Amino acid sequence: GSTKKTITPTQKQKDALLITSQKMELEAKGGEFDIKVQANVSFSYEIGADGQSWLSAVTTRGLTTSTLRFTATANEDTETRQAVITIKGGDFSEEVTVYQAGSDPAIVLSQKDYTVTSAGKTITVELKSNTMYKVVMPSDAPWISEATTRSFSAYTHYYTIAPNDTYNARSAEIVFVDGNNPAVADTLTITQVQLDAILVAKNEYSVDRTGGMLSFDVNTNVDFSVTVAVD
């Protein structure tokens, strides 16, 4: 009739933690990427294992948007690398595996050309490489030698340039090349200037009191001018 009682049934939701993808693939240059999370429980995340500092969270995006943003540094190595991001909420967890491609093999010299005076010197050659390389020394330039007495790292080499006692400039190339892929290489060019000189047969000449023409040969590899101390 006119008598009424209300009963309110309350049913708990089905707890869930969902992600859009369980795999992320990144280019070698790195960069930011997003993971979309759908959840009706509180959740947190963990990144990879210890030592995987190349992957980090971008904290400028809050969890209230249910979007987690991460950034990966550039992968300088040729090998692909991976890390696992674990998202946890209550009794639920999801994993996202992040794969980052390796860079193409490369050998890059910090300086490709060196010019050395005729006196010679020891030069420092630095390079970057993400592959095993070998050094090909010029067979026709014995005036260049590796300074093995000095300490050096795997990517720093020292070369001693002997003095140039000739009156001609000389040049040679040192090649740094991937042992498995000859197309991956960089070339160092060393140029040494000549020994500059002005040579005459005698430094003193005697002239008869009556005067006359004085002539002599001058051997030189530089531009020169002539002046006299008297009129």
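**A tour of aromatic rings and a buried leucine**

Begin by selecting Lys 202 and Tyr 205, where the charged end of Lys 202 sits over the ring of Tyr 205, 4.8 Å from the centre of that ring. Keep in mind as you go that this is a predicted model.

Next, turn to the aromatic pairs, of which a search of the whole structure finds five. Select Phe 33 and Phe 70, whose ring centres are 5.8 Å apart and whose planes meet at 25 degrees; because planes under 30 degrees apart count as stacked, this pair is stacked. Phe 33 belongs to strand E3 (residues 31–39) and Phe 70 to strand E6 (residues 67–72), so the pair ties together parts that are 37 residues apart in sequence. Both of these phenylalanines are buried, and for Phe 70 the relative accessibility is 0%.

Since Tyr 45 is in strand E4 (residues 44–47) and Phe 70 in strand E6, the pair ties together parts 25 residues apart in sequence. Tyr 45 is partly exposed, with a relative accessible area of 30%, and Phe 33, Tyr 45 and Phe 70 form one aromatic cluster.

Finally, select Leu 55, which lies in strand E5 (residues 55–57) and is buried, with a relative accessible area of 5%. Which residues is Leu 55 in contact with, leaving aside its neighbours within four places in sequence? Among them are Phe 33 and Phe 70, together with Ile 47, Thr 71, Ala 72, Ala 83, Ile 85 and Val 98.

Key
Residues numbered from 1 in each chain as written. Predicted model: local features only at pLDDT ≥ 70, side-chain atom pairs only at ≥ 80, totals over all residues. Heavy atoms only, no water. Helix = DSSP H or I, 4+ residues; strand = E, 2+ residues; numbered from the N terminus. Buried < 20%, exposed > 50% of the residue type's maximum accessible area, 1.4 Å probe, protein only. Contact = heavy atoms within 4.5 Å. Phe/Tyr/Trp six-rings, centres within 6.5 Å; stacked < 30°, edge-to-face > 60°. Lys NZ or Arg CZ within 6 Å of the ring centre and 35° of its normal.
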